[in-house]
Amino acid sequence: MDKTACRYHPEQPATWLCRSCERSYGDCCIPLNMDAPDDAPRCPMCSSQLEFLGAANTAQPFWQRLPAFFLYALQPGPLAFAALLAVASIFMPRSIILWVILFSIATKYFHSVIEANSLAVKAAPSLTSAFTGEGFSLFFKQLAVFLIAFAILWLAADFNSEALYWCVNIGLLLVMPASIIRLALDKDLSSALSPEQVGQVITAMGWRYLILCAFLFILWQSPGWVAYMLAHGLPRVILLPVMAFAFAYFGVVMCAMMGYVVFQYQGALGYVIVDEDSQAGFAADEYQRRKALAETEIRLKEGQSDNALETLTAALEKHPDDLKLNERFHQLLFNLNSGERCLRHLQHYMPLAARLNPALGATALLNARRFKADYLPDDPLVCERIAEALAMRHKNREALSLLRNLHQRAPDYPQIPRAYLLAARIFAEGLGQVEQAQKLLQFVRLRYPQSPLLGEVANLEATLAKLSGMPG
Ligand SMILES: [Zn+2]
Ligand SMILES: [Zn+2]
């Protein structure tokens, strides 16, 4: 099964599908509202209700998660289950009824591991869950499946053809995992025996089903290897419980893998399963904001700038001071060459950017100058901050234009010495105009004799004096 990606972010897996306009979206484009988790989101383009794709496109392939399956079986539930089997293997009396009960508990536990993993539940089922609830009959159903398989094998042996026998044998081994998966999911013997139902599991996975079989085969052999390695010199009393423990442990690992496969191929299997980790919604404010940003991006990529402007305007009415929304709005107006509206918006955006992120303010100023060559923010503090950000980008002339004659433009601004000190540095360091810098510093010293920055002024003057004294 091929994975689909977000139509607007090809690197993001698709999690939602719009049937009416046939667009798929990732979580990137469809933020969820934490306060209304049951409201199905709507298509940003055509407003139809979206269909959830579950984790079909986001699930990690099972062969990349092998360590996770081994770790899974080390949780308290599976370990207690393995310990129970180990203890039973030595202490339980030889009573058929007791053993049937034990096997039906074990089968039920294994199947609950498959089911939990198919739903991507991270915590393994507890041991007590194997003793309660329904599902004890699963053992007999599973037993029936095995008996039928043996019967087929036995029939095949009757034909006196070794080739036929092995073909049937391998065929049965290959079909078995799919049948077990079906039984665990549907709890129904007829599905576990139905070629159609079992075939669906195999076709959903395609050739990757063979990888699953290979892994399961290796795991199935593992308890035997454990026994082989320990067999030398170990008494039966120890070997038996160790074998039972290993059987339980590797059994849980195998079931975890089979269950996860259902989760991974849920799309092709016709299930929609939500990952525990995904699906986190956002609080109302953040949700509105993200929704507006995502929708704007989509509208822009579809070439519908007018709709994008509308969406952003509505969002800005609710969140006038959101930097990201304002930035997007500014960029959009700039790209649309909508000079008048852009300059009007800057009256609000420029102070906001100067306060929260002067680098963005610097970009906005450079944009504004394309519309109006002598554009200048009114607020002297805004001018100072943006000038600093511009100087960092080596836009020295633009930076100085913001500071020029600041003492005349804003005579009441208390930070004139600081702003001029900055201007002097830009003159000296950015443009190499030492004389201009010295003139400015002198002006500050004479005009603001009380300024606490005079020490810095003197320092800079001394450095500049050394510079200008140097030959060359
Ligand atoms: Zn749609
Ligand atoms: Zn997206």
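Is Ala120 buried or exposed? I began with this residue and found Ala120 buried, at a relative accessible area of 12%, where buried means under 20%, exposed over 50% and partly exposed in between, with a 1.4 Å probe and protein chains only.

**Basis.** I noted that this is a predicted model, in which local features need pLDDT of at least 70 and side-chain atom pairs count only at pLDDT 80 or more, while totals for chains, interfaces and linings use all residues. Residues are numbered from 1 along each chain as its sequence is written, chains are lettered from A and ligands numbered from 1 in the order in which they are written, and side-chain values use heavy atoms, with hydrogens and water left out.

**Positive phi.** I looked up the backbone of Ala120 and found a positive phi near 60°, in a residue other than glycine, placed in the loop between helix 3 (96–118) and helix 4 (138–157); helices here are DSSP runs of H or I with at least four residues, and strands are runs of E with at least two, numbered from the N terminus. Asn160 also has a positive phi near 60°, but Asn160 lies in the loop between helix 4 and helix 5 (162–186) and is exposed at 74% relative accessibility.

**Zinc site.** I then turned to the zinc ion (ligand 1), which is coordinated by the SG atoms of Cys18, Cys21, Cys43 and Cys46 at 2.2 to 2.3 Å, donors being N, O and S atoms within 2.8 Å of the metal (3.2 Å for Na, K and Ca). The angles among the four donor atoms run from 103 to 119°, and the site is tetrahedral, a label given to four donors if all angles lie between 85 and 135 degrees. Within this site, Cys21 in the loop between strand 1 (16–18) and strand 2 (23–25) is paired with Cys46 in the loop between strand 2 and strand 3 (51–52), 25 residues apart. I recorded Cys46 as partly exposed, at 32% relative accessibility.

**Nonpolar patch.** I listed a nonpolar surface patch of about 1,100 Å², with Val87, Phe91, Trp225 and Leu230 among its residues. Helix 2 (76–91), helix 8 (208–230) and helix 9 (236–264) each give two or more residues to the patch, and helix 8 gives the most, with five. Leu230, found in helix 8, is partly exposed at 31%.

**Record check.** The unreviewed UniProt entry places "transmembrane region" at several spans, including 163–185 and 237–263. I found residues 163–185 to be 100% helix, with end C-alpha atoms 34 Å apart, and residues 237–263 to be 100% helix, with end C-alpha atoms 40 Å apart.

How values were computed: Patches are made of residues with over 30% relative accessible area and no salt bridge: like charges are joined within 9 Å, nonpolar side chains (Val, Leu, Ile, Met, Phe, Trp, Tyr) within 5 Å. Accessible areas come from the Shrake-Rupley method with a 1.4 Å probe; for residues, only the protein chains shown count as cover. A salt bridge is a side-chain nitrogen of Lys or Arg within 4 Å of a carboxyl oxygen of Asp or Glu. UniProt positions are given in the numbering used here, feature names are shortened, and annotations may be inferred rather than shown by experiment. Four donors count as tetrahedral if all angles lie between 85 and 135 degrees; four count as square planar and six as octahedral if opposite donors are over 155 degrees apart and all others between 65 and 115; anything else is irregular.
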